Amino acid sequence: MNDKIAYARHGNVAVLRLENPPVNALSHAVRGGLMAGMDRAEADTGVRAVLLVGAGRAFIAGADIKEFGKTPLEPHLPDVCNRIEASPLLVVASMHGVSLGGGLEVALSAHYRIAQPDARLGLPEVHLGLIPGAGGTQRLPRVAGVEAALDMITTGRHVMAPEALAMGVIDQIEAGDPEAIGLAYAKALLYEEAARRPVSEMPAPAPVDWDARYAAVLRKGRGQISPAQAVRAVQASVEMPFDAGLKAERAMFRELMETDQRQGMIHAFFAERAVSNLPGLEGIAPRALTGVGVIGGGTMGAGIATAALLSGLRVCLIERDTAVAEAARGRISANLAGALKRGKISQEQQDAMLDHALVLATDYAALKDADLVIEAVFEEMATKKTVFKQLDKVCKPGAVLATNTSYLDVNEIAAGTSRAGDVIGLHFFSPAHVMKLLEVVVTDQTTPDVVATGFALGKRLGKVAVRAGVCDGFIGNRILNTYRSAADHMVLDGASPFQIDAALADFGFAMGPFAMADLAGLDIAWAMRKRRAPHLDSRARVGKYADRLCEAGHFGQKTGAGFYTYEQGQRVGTPNPDVMSLIEAERAARGITPRDFTDAEITRRYMAAMANEAARVVGEGIARRPLDVDMVLLFGYGFPRFWGGPLKWADLLGLPALLADVERFAQEDVFFWEPAPLLQQLVSEGRNFDDLNKAG
Ligand code: T1G
């Protein structure tokens, strides 16, 4: 035995309690302890049953992800599961908290399963680029049937105990101390002389149309391979004897373990947790957060207010007059109704938020007690400065004053107040109560405890908060502008917007840049181009065809036509036949002879531009670490999660190859393709972006 598994005996039941905080991950030591524990129980005279239970807040959260990529050490988890199942003793698992991945696989290797009412079960391996690798694809279909197993395994979704009971995955639900109710259940089974019930001996489940399922899951995965592989593993549970099915599952698991997608998704898993643990904030206490103020009740302001209400905060929303304030209440009410419909809140909670937690006002004096105020007024510097002057006057000392601007200079806004240290940017993404990304924009003056407060608010709102420095577009929009320009240049040189969108959909994006522009509204990018035009470097190449579309009133989905035309209420459009004539006219006016692009070249250029600009953003300190950029692109811009983010993608490609691409493209346009100094430095030092992440 070892210190990861505590052995105890209660009459004729031996208890193996997993003690591997924080979530009882199945590390090498835990696996060895379980094997030794089973040996000890079987050698312990008089013991007739074994109870498996987890200490702390979870049964078992799965295999130890920190061990992935290292040489797997025996005992391997499938062997531990088979050892448990083959025991001559009656094995019971008592589940609480989460039982995920290998955790559920261990429970399925027991003969009976009891769970707490709020226990959560799942096989989320596809979120790590894998499939269950310890019998989950073979045992789950036997207890729950193929349909339920395919749903759980290909989506990786968590299932609550009542649903798991209905599926046949667990046998009983009982509230109480997991060890106590597990013991009582084991003794009751012994009293009833219940037989051992190895899942592997249950009949193979009924087949389905495997090829159709495989094709459907592959399509839905948009380039991610493990969910479709899971279909083949479940197919093996039907078509092969159990042991052969296990071997087939293990072979597929090991194959996926070697893929870039597994590296990308594990990177995303740990980066999502690391990004809000900002180096330098250790020990810095955030300021109090009980009531927030929101200035402006338009789409963004109402979304921010909704997010705050949903997290239990009181909200005082300021609008210029009562009628506009009521319109804001209407938007918030509609947002909350959506949350109600999705089962996120109850009717009582919605009523309490609207009737008590939300206060509407037209006088800034109502903000005198607010701990933090976020302005979401018109994106115009003078307007913002006026708002901050009023906030400076009415807000209590120590209140945090935040702007939701998406590109204006937060240093300049802060300089207009008497308390620059209390000013911060909190850049939400629309819809603010749904999108998980929050850029916490830190000025030269923002004090560390105000930064900590920004992150505390992000955590409270369930956001992925990322620290950003001040520049035009901060992290996400600045990089977006660059890779959108790369797409623009390819259109001018011969590619069509539709080919570019299709190529990037194949790469894994939910939408290509032109379809995304139609969704966001072409007028937004148009306004940005007009704003930037006076400051634009004369060497910059900017297409005019999108301006022509806007001048004709085509703003994308909101007007029914943009790069694509949209039938009434349709969100997927068809290529707009007028677009190519606009592009061809512009190429002719510029004297460009269009050339062909392959999908591969389109993707390489698009990604090279993105990664090169991301390297600049990290090199300039606008992003603290490469993983910060990865999380911004994942949670704010639909970057494919299985690549881990643009800088993880760059590491997987290899930085020398990326730099070679950038240098080759620079021969055509040295202004746009100037290699980022950080990229050059890392290549010369033989390092990569992950080395910087590890350095913190
Ligand atoms: N391995 C190692 N560390 C883990 C872990 C795991 N499986 N799960 C969580 N942690 C760490 C996490 O990094 C963090 O560490 C701390 O625990 C708290 O996590 C063979 C191959 C369990 C729902 O995919 O979904 O089994 O930052 O901040 O929000 O078929 O963590 O404190 O140092 O997320 O309460 C399958 C992944 C693995 C579950 C808890 N299992 N984990 O969420 O806290 S593959 C999973 C989660 C597998 C087998 C296959 C969540 C959670 P630190 P947290 P949380």
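A polar contact is a pair of N or O atoms within 3.5 Å; within protein, one atom must be able to donate a hydrogen and the other to accept it, and residues adjacent in sequence count only if both atoms are side-chain atoms. Welcome to this predicted model, where local features need pLDDT of at least 70, side-chain atom pairs count only at pLDDT 80 or more, and totals for chains, interfaces and linings use all residues. Residues are numbered from 1 along each chain as its sequence is written, and side-chain values use heavy atoms, leaving out hydrogens and water.

View 1. A polar backbone atom of alanine 61 is 2.8 Å from a nitrogen atom of the ligand. Oxygen atoms of the ligand take part too: one lies 2.8 Å from a backbone N or O atom of glycine 102, and one lies 2.6 Å from a polar side-chain atom of glutamate 105. The protein buries 75% of the 990 Å² that the ligand exposes when taken alone (accessible areas come from the Shrake-Rupley method with a 1.4 Å probe; for residues, only the protein chains shown count as cover).

**View 2. Here is the shell around the ligand.** There are 26 residues around the ligand, each with a heavy atom within 4 Å of it. By class, 16 are nonpolar, four polar and six charged (Ala, Val, Leu, Ile, Met, Phe, Trp, Tyr, Cys and Pro count as nonpolar, Asp, Glu, Lys and Arg as charged, and the others, Gly among them, as polar). Helix H11 (260-274) and helix H3 (102-109) each supply at least two shell residues, and H11 gives the largest share, three residues. Helices are DSSP runs of H or I with at least four residues, strands are E runs of at least two, and both are numbered from the N terminus.

View 3. Helix H4 spans residues 136-144 and includes arginine 142. Arginine 142 counts as buried because its relative accessibility is 11% (buried means under 20% relative accessible area, exposed over 50%, partly exposed in between, with a 1.4 Å probe and protein chains only). A polar atom of its side chain lies 3.2 Å from the backbone oxygen of methionine 202. Beyond neighbours within four places in sequence, the contacts of arginine 142 include Val199, Pro203 and Phe242 (contact means heavy atoms within 4.5 Å).

**View 4. Serine 496 sits in a loop.** The loop lies between helix H18 (476-493) and helix H19 (497-507). Serine 496 is buried, at 17% relative accessible area, and its side chain reaches the backbone nitrogen of glutamine 499 at 2.9 Å.
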